[in-house]
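Trainee: I'd like to go through this structure with you. Can we put it up and start from the terms?

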Amino acid sequence: MRSIMERLGRGGVMLADGAWGTLLHEMGLRPGECPELWNIERRDKVAKIAEKYVLAGAEIIGTNSFGASSVKLGMYGLDTMAEEINIEAARISKEAAGTERFVFGSMGPTGKILMMGDISSEELFKSFVEQAKALQSGGADVLLIETMTASDEALLALNAAKENTSLPVAVCFTFDKTANNEYRTIMGVSPVEFCHNMVSAGADIIGTNCGNGMQGIIEICREIRNYNKEIPLMAQANAGMPEYRDGKSIFPEGPEEMASKIDALIETGVNIIGGCCGTGPAHIKLFAERISNFMQR
Ligand SMILES: [Zn+2]
């Protein structure tokens, strides 16, 4: 079996995929509908997204399982389907990815805040254990804990994944710029604190996703790399902050604009580049060109 750590060790920059949620909405997912149920009920549509990213040149393909922890699925009354939904999510992406690419099984936040007493850590942990195991049995090569803002929830997810699967684990946090021009998650975690906590707890890859466009992601990656030169780093910027017009999210950063900053992003020392909300196959295709041009310099 090919290993992501071995592949990363060969150097260069790996290309990941772009948004899934954005594409699901384009394909007809309605507001308030459970995106992950589509793995069962609209399998062909979900497969189409994975296929589009393969065609765009991505070497890393995510899964439609961001909100598929039983805790999050419980919001739709679908908590008992968590195992089935995650297995199917990984299978769909694996079929499209084949043996030449890597499937990163997505695990997002549950929406419950431990600090507020919304949920017990045991319950949260159990939910992540189930999700991590199901993603592995469906064929995921790596577990990707992403869009996290709270260290306690991320650590539970990381421990759940490390202790109950044999897969490498990536952890990505989402930062915003504060009034003091510093990057913090909404829970107050800095990029350095995040890096320290996750690397100490055994994360194999760390990174940052979503946020507020390419420029912010570049600055965050610089901060992380200043602190830790070794840990594999991934960056998946969103296409800027969406504006809501006529019930639709319009993202300001188009493929050209984002791709024009790829060189600067590579120069921070990232190892994996993809996109988050508002990015699509057109973004990823241009990123592929830019990365390949950069490598030939
Ligand atoms: Zn996002």
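Mentor: Helices (H or I, at least four residues) and strands (E, at least two) are DSSP runs, numbered from the N terminus. Mind that this is a predicted model, where local features need pLDDT of at least 70, side-chain atom pairs count only at pLDDT 80 or more, and totals for chains, interfaces and linings use all residues. Residue numbers run from 1 along each chain as its sequence is written.

Trainee: Is the crossing of α9 and α10 left-handed or right-handed?

Mentor: Look at the pair: α9 covers residues 191-200 and α10 residues 213-227, and their axes come within 9 Å. The hand of the α9 and α10 crossing is right-handed.

Trainee: And which word describes how α9 and α10 lie to each other?

Mentor: Axes are lines fitted to C-alpha atoms, for helices over the stretch in contact, with angles from 0 to 180 degrees between N-to-C directions. Under 35 degrees counts as roughly parallel, over 145 as roughly antiparallel, 65 to 115 as roughly perpendicular and the rest as oblique. The α9 and α10 axes cross at roughly 50 degrees, so the two helices are oblique.

Trainee: Which residues of α10 does α9 meet?

Mentor: Contact here asks for C-beta atoms, placed from the backbone, within 7 Å. From α9 come Pro191, Val192 and Cys195, and on the α10 side they meet Ile220, Glu223, Ile224 and Tyr227.

Trainee: How far apart are the axes of α6 and α7?

Mentor: Those helices span residues 82-97 and 121-138, and they pack at about 35 degrees. Their crossing is right-handed. The axes are apart by 7 Å.

Trainee: On to the sheet: which strands are at its edges?

Mentor: Strands pair if DSSP finds at least two bridges between them. The open sheet has 8 strands with parallel pairing, ordered β1-β12-β9-β8-β5-β4-β3-β2. Pairing on one side only marks the edge strands, β1 (14-15) and β2 (60-61).

Trainee: Inside it, which residue of β5 stands opposite leucine 144?

Mentor: β4 (residues 142-148) and β5 (residues 169-173) pair in the parallel sense over 4 bridges. Opposite leucine 144 stands alanine 170.

Trainee: What radius of gyration does the protein have?

Mentor: It's taken over C-alpha atoms, and the globule rule is 2.2 Å times the number of residues to the power 0.38. For 297 residues a compact globule would be near 19 Å, which agrees with the protein's 17 Å.

Notes
Left-handed = near helix turned anticlockwise from the far one by under 90°. Contact = placed C-beta atoms within 7 Å.
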